[in-house]
Amino acid sequence: MNLLAATVDLPSLPPVGLQHYLAVSALLFCLGVLGVLIRRNILVMYMSLELMLNASNLALVAFSRFNNNLNGQVMVFFIITVAAAEVAVGLALIVALYRKRQTAHVEDLTTMKL
Amino acid sequence: MNSYQLISLEIATVLLGLGILVADLWIAPAKRRMLGFIAAAGVAVIFAASFSPAFPDFGTAFGKMYVFDGLSLFFKRFFLAAAFIVLLLAIDFADRIAVGISEFYSLILFALAGMMFAASSNDFTLMFAALELITITFYVLTSFQRNKLQSLEAGVKYLILGALSTGFTVFGIALVSGIAGTTNFIELSAKLKDVSGDPVFLVGLLLLTTGLGFKIAAFPFHVWAPDVYQGSPAPVTAFLAVGSKAAGIVLLMRVLFVAVPEVAKSWSGLLAFISGATILYGSLCAIPQRSLKRLLGYSSIANAGFLMLGIAAVNKDGATAVLVYLAGYLFAVLAAFTVISIITRNAESDDISVLAGLSKRSPMLAAALTFSMVSLAGIPPLAGFFGKFLLLKSIIKAGSVSGPHFVLLAVAVIAVVISLYYYFGVIRAIFWSKDVSDHSPIPVPSVMAFTLAVCMAGMFLLGVFPGILVDADAEALNSAVGVFARLR
């Protein structure tokens with residue numbers, strides 16, 4: 001059967017608008033914040049932080065498309081580059097801590113207290 | 001005007017940093033420590049060059065992304081002065097850093113370049129890039145003593161919370177610039193009437209303010225400060241307390257007063273609340289502290305609150321007072337960290353008890369730390385007094401327009417009294433400690449003696465002749481872009 005020629009009767013959906021993209025982006029951002037707040041493994045927290053940055057990227061690109069200018073997309077390039085630098089430094093730091101302390105859990109970071 | 005002429009100070013700083021990094025390849029490991037003198041001398045030359053009459057006039061560059069005005073020039077000089085002293089501190093600290101002292105120097109210079117770009121940013125893109133240049137270099141700097149668990153822990157804590165604040169800032173920028181359709185501060189202020197009612201815009205602005213609040217360690221985004229201050233190497237803590245905080249303040253001023261002046265006015269209640277809570281929290285939590293660096297960490301939170309006071313006043317006096325306060329804060333904090341750096345060389349801990357008998361062991365260190373604490377407490381005739389005085393004056397002026405500011409005034413005055421208690425606790429430990437176990441004199445290296453002399457001279461000069469600084473700051477604000485000149 002020719003898949004390309006196959007037609008499916010879809011119910012007519014409203015077009016995807018800016019608010020849909022923003023809703024998804026806000027959802028991703030909240031998931032990221034929740035991850036940082038709830039998870040106790042530093043690597044998972046770090047992944048959640050990247051999720052927050054990507055939520056912003058989605059919002060920026062969507063705004064860029066609907067505002068008809070390229071500001072948002074330029075900003076996204078900066079964010080991707082900076083995020084890469086941040087990951088390079090961050091993972092190195094986490095590995096250094098692991099070598100010293102044999103742990104990647106925040107509960108174990110207790111040398112300094114009131 | 002050529003854009004590259006306007007950013008010549010930043011270009012020189014980055015080149016200096018790269019030069020140090022490259023020079024490291026040809027210099028024997030034993031002599032690498034001396035690169036710090038080249039770095040410090042280079043920063044001093046750049047600082048002097050910023051006063052040169054041949055320097056270009058004020059203007060904007062790179063499609064109005066970068067603005068060179070009085071406000072940015074003031075902050076650039078401020079950062080250069082801070083970095084000069086921090087580099088001297090780093091030279092003395094070099095023997096406590098296992099490997100990579102040249103990288104330590106150049107990272108300080110790169111962070112300095114980021115701060116100087118931040119002072120001039122007039123666009124969310126540049127602001128973001130500058131902020132990240134500062135933050136990412138500080139991730140490395142805070143954890144530079146890799147053989148010390150405390151330093152690594154401080155680095156990881158700063159990493160997670162710094163990245164969290166970046167996430168807030170970026171999402172805020174996405175919403176604000178997306179709704180307004182521009183990333184430029186001045187273009188945004190022109191469109192502000194159309195968008196300032198939009199809830200998505202306001203949420204974005206709130207997130208952006210949150211992100212910057214992390215940078216200056218304002219309540220309730222201060223949690224990282226005490227641990228990071230305690231764990232980091234002393235020169236880094238000093239740079240974090242002075243440079244990073246001032247960068248956050250200048251960006252807060254740029255965003256609130258250049259990009260969204262009307263919203264800043266209507267938010268003065270919120271800003272006043274953050275300011276009051278930060279002052280009280282920092283002052284109260286500093287009381288039971290035993291670690292000197294941690295004590296200064298809480299004191300820096302309280303100081304962030306005082307700086308927010310000038311912003312919350314939303315008037316020109318407040319903005320001027322912020323600049324005056326920062327100048328006094330610079331010398332006091334750097335003097336304190338210089339003393340701590342010297343004392344902790346021999347004693348492993350930085351517990352307040354190591355100060356016992358300091359007045360006998362090293363009168364110079366005792367005098368410098370005493371002056372620094374007196375200046376931070378805001379007692380005349382030292383520099384800290386005038387900054388606090390002007391801040392309180394500006395809030396009284398703001399209070400005559402809106403009543404709630406008087407509550408903030410009362411909070412600030414109470415906090416000043418509380419702060420006297422813990423600052424004088426340090427002075428009491430220096431002069432009146434009962435059980436002095438160690439009577440050996442503490443040697444002060446000549447570089448550190450010079451640093452202390454510069455800091456003490458700064459505290460006295462700014463305290464005795466505050467008029468020069470106040471006039472210069474008012475002029476700096478008059479020539480700044482945005483509403484600074486029009487603020488009452």
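**View 1. B:V407 is a partly exposed residue of chain B.** B:V407 has 13 C-beta neighbours inside 10 Å, so the residue counts as partly exposed. By the burial scale, a residue is buried if 20 or more other C-beta atoms lie within 10 Å of its own, exposed if 12 or fewer, and partly exposed in between, with C-beta atoms placed from the backbone. The model is predicted: local features need pLDDT of at least 70, side-chain atom pairs count only at pLDDT 80 or more, and totals for chains, interfaces and linings use all residues. Residues are numbered from 1 along each chain as its sequence is written, while chains are lettered from A and ligands numbered from 1 in the order in which they are written. B:V407 sits in helix α19 (residues 404–431) of chain B. Helices (H or I, at least four residues) and strands (E, at least two) are DSSP runs, numbered from the N terminus. B:G276 is 131 residues from B:V407 in sequence, yet their C-alpha atoms are 8.6 Å apart.

**View 2. Helices α2 and α3 of chain B cross at roughly 170°.** The axes of α2 (residues 8–23) and α3 (residues 35–49) come within 10 Å. Axes are lines fitted to C-alpha atoms, for helices over the stretch in contact, and angles run from 0 to 180 degrees between N-to-C directions. The crossing makes α2(B) roughly antiparallel to α3(B) (angle over 145 degrees). From α2(B), B:L9, B:A12, B:T13, B:L16, B:I20 and B:A23 meet B:L35, B:I38, B:A39, B:G42 and B:I46 of α3(B). Contact requires C-beta atoms, placed from the backbone, within 7 Å. The residues are nine nonpolar, two polar and no charged. Nonpolar covers Ala, Val, Leu, Ile, Met, Phe, Trp, Tyr, Cys and Pro; charged covers Asp, Glu, Lys and Arg; the others, Gly among them, are polar.

**View 3. Domain 1 of chain B touches domain 2 of chain B.** Domain 1 spans 1–266 and domain 2 spans 273–488; these bounds come from an automatic or database domain assignment. Their centres, over C-alpha atoms, are 21 Å apart. On the domain 1 side, α11(B) gives the largest share, 14 residues. That side has 35 nonpolar, seven polar and four charged residues.

**View 4. Chain A meets chain B.** Here 35 residues of chain A contact 33 residues of chain B. On the chain A side, α1 (18–38), α2 (42–67) and α3 (71–101) each supply at least two residues. The largest share, 17 residues, comes from α3(A). By class, the chain A side has 24 nonpolar, eight polar and three charged residues.

Note on methods:
Two residues are in contact if their C-beta atoms, placed from the backbone, lie within 7 Å. Angles under 35 degrees count as roughly parallel, over 145 as roughly antiparallel, 65 to 115 as roughly perpendicular and the rest as oblique.
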